[in-house]
Structure formats: structure tokens, C-alpha cells
Amino acid sequence: MNEYVGTQGLILNEPLLWERGRKGRTGFSLPTRDVDPVALDAAIAGEGPDFPDLSEVEIVRHYTRLSQWNYGVDSGMYPLGSCTMKYNPKTNERQASLPGFAGSHPLVPSELCQGALQLIYELEHDLAHISGLEAASVQPAAGAQGEMTGMLIFAAYHRHRGQTRSKILIPDTAHGTNPASAALCGFKSVPLETGPEGVLTPEAVAAVMDEDTAGLMVTNPNTLGLFETHIRQIADIVHTKGGLIYGDGANLNAVMGIVDFSRAGIDVLHINLHKTFSTPHGGGGPGAGPVCVSRELAPFLPTPRVVKDARGYRLTEEFPLSIGKLNAFYGNFGILVRAYSFIRSLGNQLKDASQHAVLNANYIKEKLKDRYHLPFDKPCMHECVFTDRHLEPYKVTTLDLAKRLIDYGFHPPTIYFPLVVPGAIMIEPTESESRENIDQFITTMRAIAEEARTSPELLTSAPRKTKVRRLDETAAARKPCLRG
Amino acid sequence: MKEISERKQIMRYLPHTSEDIANMLTAVGVKDLDELFATIPEDCRRSTPLDLPTLTEWELNAHMEKLAAQTVSWNTHTIFAGAGSYHHFIPEAARYVLSRSEFATAYTPYQPEMSQGTLQGIFEYQTLVCRLLGMEIANASLYDGASALAEALLMAIRIGRAKKKTVAVSTLVNPYYRKVLETYFQSTGFKVETLPYLPDGSTDLAAIDAIDDLAGVAIQSPNFFGGIEDLAAAGQVIHDRGAVFITAFSEPLAYGLVKSPGRQDADIVCGEGQSLGLAQSFGGPGLGIFAAKQKYLRNLPGRLVGQTTDTDGRRGFVLTLSTREQHIRREKATSNICSNQSLCAMAAGIYMAALGGSGFRELAALNRDKTEYLKGALRAAGLELPFARPTFNEFVVKFPADFDAQWQKLLAEKKILCGIPLVCYYPELADHYLLCVTETKSREDLDRLVEEVKP
């Protein structure tokens, strides 16, 4: 294969919805009116929304054209570090749309929703089993809500022991959601500096851990793609002072079937189902952020919980120490069905998935490290982090590289994150990519490094093959136009 | 044959052959897959392997069909229940375009040049939400109606620069939303007061005079009893106290017919968008809709899509004003939210576009007219409808004292779910049930229900 993936087809223009249509059209088959109209009190009546009227054909073309300006993991490689854009199996979609799942009302009595409750129950058990922890709740709607759940559990645990603790330790490599979630739960975050090897040191933790600190939030494997090798020792330091360890499981995809988070000293772990368990990310959600906890923290999990007894499965609120409810109902159930389907489809081969993901990341790291600056040259987990240092002499940045990758038909990696690595290029291939795809990505990355030297304008003027070229983000923020 | 039967089942999502793996291991310079994990200390490893069942695609289908069949749905039962989850018809065209994998399998639009579909779609969603609610700005979505309410009340406290530390919420706000609110507020140090309801089934605002320190007040309309609140009057009382006026909703279809919250001076409008083209799906994923007055823009939680131009001057869309958000502001962010319910917002946008202004209004009217028909028929049958407030597609019925057994029997034998018992949420309302009617119920369904429950 000597052709690059990126090419240009015919890109169709499409105006905004309200620039189309004509009053009197509709894209909806209105149900038969079999009752008489009843007048509404004028004091209450409104005039109805000013939506455009479009026919079904116009609706279908509008959204089909919009979709063609997008790029999904079904389109091609999406090596977005820490976001784990793996393949989203199609059978998962089928299962979620089964009438008994998609068409079910959340408030029917437990006897009449045994299938849905069984699925939640088994998924919680499977996630606990995979993490090595004792119990799980699938209620949190996304990773950030999982973090909030974890922080509320920390607060509730300390309160239950008659203590109020005000601080949380958070490494400088953490996702921004970590300090934001801690703040939402009343904690002040204390930043921890990453050690010279790209991982936390027990000394750094020991220096700040005290009895006013509720615990530590740690992403493991971390956002540099490295396993926190001192985690056990760090956990001991925190536990000795009465604190707890929160594991951000955003990167669980690297270690399924390998790491036991309980043995590693983790007390609470959240998991992003849209990362590790293949649920589609939908252009920004819905996700799901289940939390797994140790035996000691299980009583604090959100309610209602699904329990099983001789009569079957039922929902119960009978957990007096619970932090309470997180969602109107039981979380993003449709997403849970997809994750459950993925776990049932792979079974113990979840471990193979992790192994392949890690192999792919290490392979890319080895094949690119002579061309791109690698700040931590050591074996990585699911992702590897380069920088734009070698591009600097040509006045080319990480952003330019990312935009050039688009022209070649790849979604760019995560860029400028983690914040501790200036000009970071964070590549996570996942287990879904074949060796040929990965080789082509490597060839492309090397070609771009060469272009940076010989014709940097190809990078700085990229992308050229997309519907629009670089967009003026400064103007968007200075004079916000948020609706038409 | 022997060779085939002994072959390990190849997992179809994992493309590597053993030859690929061997070659790649050599390139990396390790001898086997296990060596890739050498940095993980022994004391962090599993002591036992994973022990999970594996199903083929066909076995999975059978297993899931069995589970799904053990959960009732509108396909198997006639359900007269809403309470925050509503059965509405979803046009096939809307479902079909939403399932385009370019929408479904994309990540957050961090690279706008290759995400214009999502970005324009969300910009259109924000616009249609503003038009529906009569508001100036709307965000790209929050998780659901419950978390949107919690975020709205936290925003009210931010607007008051955290000097005022109490918020008040009507008891007629969906009880599940109020529970979630308690969860969100439990470690903040801020206080939540509740406001009682009046005999007509609307909120009693008199109690807010006794609350010092009032940052914001939330009223739901249509409220949990289905009643349409007098938001304009409520807004005046709340604004006179110098508090932020928040309105919530769980049934946005109502605004096809009744006056929008924006027309009644709401500062923040938040609620659940499931009605707008999302399957009920056992309660989730839903859609947290969030809108506000322009002057509160910098305090808004969640993502925003804005219009701009590219280097050639063409119109395009980007995520904007992210200096409010966690990935920039970290602990000082307006919310911790990252992933939202983007695809659900797309679904709502598509649904609103498919109905159009005329269709949306007609559908809303049909929902209310069918509801009024059932209300009239139940009254005529001698049942009491205790609350006098006008309603949209939900209302409360007081049944005779022994109705619970009949309710169970109807469900078991006739496959009719005759509303939700309110006593679980309002202990004083024994024998009161919350019923819901949408366009999915025919007059025949309604007549049949009356026949079954008339005293």
C-alpha cells in the first residue's frame, strides 16, 4: 500500500436548519386525532416554538451531510491518548435497542424488570471482578460523575469515623476533572509533583500527607502511559495516616486481567465504560463512569442498589450510609447494556485486549523515538507521550503536526496533555488497530517529521482536505455566537 | 478436522495474528507479551486469572433476548406512567440518521476541522433549545434533568458569589431530582430548603420570606403532579427577594403549548430532554438541558459550541469559552463535567427539527387533549382529581382506599400500569396515583382504562 488514507471526496455544503424548510412542511407522522381539542386558558397559553418546518427528506439529507463532515472510529484510526477510542462493536447497538431494554419504563415494580436488574447486577459483579475490588455501582453517568461519587464516598467515610478532612492530594499529571470533582465535594486540592521518572515518589507523598488529608487521587496507569510503580508503598503511607486512595481508571484498558487494584492499595476506582468497554462516545457522550470499591467502602455506594435474594433481583435503598442518588433513575442504562455485551463477547480475552493495546503503544514508541522527542524513554502501557522539541527548529508545533495528520486521514493524538509535558503528543492506538494500520500511522508520522524539515508550510497550513480549514477560536471566544 | 476444532476461537475485535505479535515483540525488544508488563510490581498483580464467560455473537443475541424479554416495556404493556420518563413516538428517520457511525463513534470535537458534523448539530441543538424555552443561551448538555437541577442551584450560588448559602426547591420538583440535589449538596456546606405545595397542586412560595441567605429558588413546570405553575408570578416573588429564579421541567413537550419559562423571566431553565426523541431505556441515557440568560454566560456549567470562521472566511463551529471548564480551570471550574450527553443532544435536535414548529405544537396539543379526555372520563366515572391546577400530560387521581390491590391486579392480569403510587414520595397522599397520557395512547386505550378502574 503506497497510498495514504487521506483523500478528498465530494464534500457537500449544508446550511443551518433554519436556513432550510418552508412553513407547513413536517418530518413527522402525527398520530390520528381521536379526541376533541380542549381550549387552553389564555393566561397559560404560549405561541409555540419558532422551529423551522422541514420534510423528512430534508431532515435525512441535512444530517447525512453533517455526518460526512465528521470522523469516527469507524472511519479510521483515532489514537487519542487517554480517551481510548477503540472499536465500538455493532452487536452492542443491537442489544441496547431490544424492546425490553430500550422501551422499558424505569419505575415498573422489580418483578417486572428482572432482566434489566440482572444485567445491572451481573455487570457490577463483573466490573468488581475485573478490578479486583469488592463491589461496584454502575450509576455514575460519566467518569467525572464517578470521580464525584468517589470524593463523596471519601467525605462520607471520614464523617462516619467522626472526622472532617479538608484536603486531597492530586498529581500534576491528573485529568482536570480530578481537582474539579474534589472541589465540588468541598475538598481543597494539593498538587503533587511527578518524580523524574514520570511516576509519583513515596517521598513526595510522605512530605505532604497528614491527618487533614482525606486521601490521594491517582490515575494508574498515569497519563504519561506509565504504571505508578510505587503505588503500593504510597498507599501504605496514605492509609497509615487514615487516608484513602482513589484510582482514576481512565486507563484501565492497559491492565485488564493483569492488575489487582485491591492489592495495589486502591480503595475506590472509577471506570470509563466508553473507554475500556467499547461503548460509543457519541461525539462527547453519553458515557458511564461506574465506581468499584473495597469491602470497607461498599456501604457508602450510591443507592438504589440492585440486590439478589431468593425471589430474584430487586432495587433497594436499605443502605443507611449511602451517599445517595446520582441520577434521576439508574444511570445510563443503554450504555451499560453495550458494556455488558462487550464483556460477554470477550470474556477472559479482555486480557488479550490489554496485552495487544500495550504491545501497539510500545511498538509505536520504538518506531518513532528516533524522530520525535520521547521525554520518558522506558516501557509504556497503553499510550506513549512524545513532544514537539525536535520540530522546534523548523518553527513547527504539536498543533501543526496534529493538523497535518488530518490531511493524511488520521485523527490526531491527544495534544498538549498532560500539562507537565510541554508540547505533548499522546498516542494511544488501542487493541483495535491492525499491524498494517499502525505501520501506516508510523510511516505517516515519520513523513511528517521529514516535511517539517523540508516544507514546514505543509504543516502550518494544514489541514487542507477538510470541510473547513483552521478555525478562529479566539474570535469565537471574544464575541460568542452560541445560537442562530 | 482435528486441527480446526482445537484452534483457539479468534476474537473478531482483535486483528493481530500470532505472527504479527511475534514480529512486533521483536521490534519492541521483549520476548513475550508478559514482559511488556515487567514494570508492574508483583504485589499489584492479580493472584488469579479472569474468570468470565465468553459468548459467540449468536449466543449473546439469545442471552440478551432472554433478559430483554424479562423486562416489560410499552411493547408488552399499556403504561400510563411518566414521572420523568415518557413514551413518545420516535420517527424512524430520526433514529436512522442518529445512528450514523460518524456521529456515534466520534469523540468530543477536540479537532474541529474533522468534527463539523457534531459541532453544527450541537449548535443547532443549542439554538432550538433557546427557541423552545425562550432563553438566550443554552449549553451543549448535562447528564440528565436531575444533575441539571443540581448544577443550576450551584450556579445560583456562584452568581451570588457564594455570599448567600441557601437555595429553596419546590416539593413539586420531581422527588428523584431532589434526591440527587441532596447528593450534590451534601459536602458543599450549602443548604437546601423545600417549599410546600398548595391545595390546588402548585407551589406555595410564602415560605421563602422566612429564609435568610437565599441564593436561588427552583420551581418545576409542569410540576411533578402535572400542574402548570404560574411562573410569571413566582418569578416576581423570587426576584423581589434578590434570588435567582430557576425553572425545571421533565416534560419539555409542554412548551409547544404553554408559555415558555423565558417569557416569564426565568434566569436559568433546566430539565430532562428524554421526551425529545430518546428511548426510555430504563431511565437512561437521558439529556440534561440547560439554558440561561446571556448575562450569566461566564457562570454556565458544561460545554458550549460557538460559531466562527476558518482561515478562508468560511462559517464553522468550535467548542468555545472553555476557560470556564475543568480541563483549563481545574479546581476553579464552573463544574466538573467533561463527557456530557452529546449524542442525546443530537437526537433531541433531530427530533425537534423533524417535528418542526407546527408539528411540535400540534403534538403538544394532542398530548394535552388526550389527557383532558381521560381526566373528564375519570371524573364522570366518579373518581376524584384532587388538584385544580391546569395540567399538561400528567395528573393526579385519588382512587378508593382499597385500590392498591386492584392496581396490582391490573398490572398482572391486564398488563396495564395505572400510574405511579404517590404515597412513596408524599406520605400524606395515600391512594393518590400519578397518571400520564401521551400521543401513543389511543382513545380506545383510554376508554379501556376507565372501564377497568371505575368504582
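Visitor: What makes up chain A in terms of domains, and with what bounds?

Guide: In this predicted model, chain A splits into domain 1, covering 93–347, and domain 2, covering 349–469. The centres of the two domains of chain A, taken over C-alpha atoms, are separated by 30 Å.

Visitor: How do you know that domain 1 of chain A and domain 2 of chain A are in contact, and how many residues take part?

Guide: A contact requires C-beta atoms, placed from the backbone, within 7 Å. On that criterion, 20 residues of domain 1 of chain A are in contact with 20 residues of domain 2 of chain A. The side of domain 1 of chain A that touches domain 2 of chain A consists of 10 nonpolar, 9 polar and 1 charged residues.

Visitor: Why are strand 2 and strand 4 of chain B said to stand at the edges?

Guide: They belong to an open sheet of 7 strands in chain B, with the order 2-8-7-6-5-3-4 and mixed pairing. Strand 2 (137–138) and strand 4 (191–195) of chain B each have a single partner strand, so one side of each has no neighbour in the sheet.

Visitor: How do you know that strand 5 and strand 6 of chain B pair, and in what sense?

Guide: Pairing requires at least two bridges found by DSSP. Strand 5 (residues 214–220) and strand 6 (residues 244–249) of chain B have 5 bridges and run in the parallel sense, so they count as a pair. Within this pairing, B:Ile219 is opposite B:Thr247 of strand 6.

Visitor: Which strands of chain B does helix 7 of chain B lie across?

Guide: Helix 7 (residues 145–159) of chain B lies across strands 3, 5, 6, 7 and 8 of chain B, at about 160° to strand 7. Helix 8 (residues 175–185) of chain B also packs on the sheet, where it touches strand 3, strand 4 and strand 6 of chain B. The direction of helix 8 makes about 160° with that of strand 4 of chain B.

Visitor: How many residues does each chain bring to the contact between chain B and chain A?

Guide: Chain B brings 165 residues and chain A 169 residues. On the chain B side, helix 11 (residues 342–380) gives the most, with 22 residues. That side divides into 80 nonpolar, 55 polar and 30 charged residues.

Key:
Residues numbered from 1 in each chain as written. Chains lettered and ligands numbered in written order. Predicted model: local features only at pLDDT ≥ 70, side-chain atom pairs only at ≥ 80, totals over all residues. Helix = DSSP H or I, 4+ residues; strand = E, 2+ residues; numbered from the N terminus. Contact = placed C-beta atoms within 7 Å. Axes fitted to C-alpha atoms, helices over the stretch in contact; angles between N-to-C directions. Domains from an automatic or database assignment. Nonpolar A, V, L, I, M, F, W, Y, C, P; charged D, E, K, R; others polar.
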